[in-house]
Amino acid sequence: MAGSLKRSTKRRAMADINVVPYIDVMLVLLVIFMVTAPMVNPGVVNLPTVGGAKVQALPPVFLTIDADEKIIVRKDGEPTQTLNTFELGAFARSQAEKSADQPVVLAADKSIKYEVVMTVMSKLKENGVKRVGLAVKSQ
């Protein structure tokens with residue numbers, strides 16, 4: 001009879017998460033960060049200033065690509081000559097021989113394909129012009 005009085009008890013799975021070990025780990029990490037934070041030296045960043053910028057020794061040469069893909073060379077604001085893409089290599093070589101550090105600024109008509117602009121830039125670079133830039137128009 002004693003065996004029949006016993007109830008059959010089954011263990012149920014707990015649905016709760018034991019967070020005590022996670023709290024312990026969190027507190028240990030907090031202590032480690034609090035101890036090591038004062039020991040870390042922040043890096044010093046030297047930012048450039050505008051006053052230290054070099055003044056351009058030579059005025060830039062402006063190349064303008066018009067809608068017909070003709071290249072107009074402007075020095076001191078005045079158009080000096082008109083080139084096509086075949087003559088550009090000879091112009092770039094002569095420009096590099098005169099002064100390799102003289103900047104060349106490239107402007108193009110808005111109807112020109114970007115590929116033409118990149119071709120002109122690559123020809124200038126291939127023929128020795130070191131400083132090539134793009135002109136932008138602010139609106």
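The structure is a predicted model, in which local features need pLDDT of at least 70 and side-chain atom pairs count only at pLDDT 80 or more, while totals for chains, interfaces and linings use all residues. Residues are numbered from 1 along each chain as its sequence is written, and side-chain values use heavy atoms, with hydrogens and water left out.

**Confidence**
- The protein averages a pLDDT (the predictor's confidence in each residue, from 0 to 100) of 82, and 88% of the residues score at least 70.

- In strand β1 (residues 61-65), Val61, Leu63 and Ile65 make up the covered face, whereas Phe62 and Thr64 lie on the uncovered one.
- Strands pair if DSSP finds at least two bridges between them; β1 runs parallel to β4 (residues 104-108), joined by 5 bridges, and antiparallel to β2 (residues 71-75), joined by 4 bridges.
- Ile65 stands opposite Ala108 in β4 and also opposite Ile71 in β2.
- β1 and β2 form a hairpin with 5 residues between them, and Glu69 in the turn has a positive phi of about 65 degrees.

- Tyr22 is found in helix α2 and is exposed (over 50% relative accessible area, against under 20% for buried and partly exposed in between, with a 1.4 Å probe and protein chains only), because its relative accessible area is 57%.

Technical notes: Helices (H or I, at least four residues) and strands (E, at least two) are DSSP runs, numbered from the N terminus.
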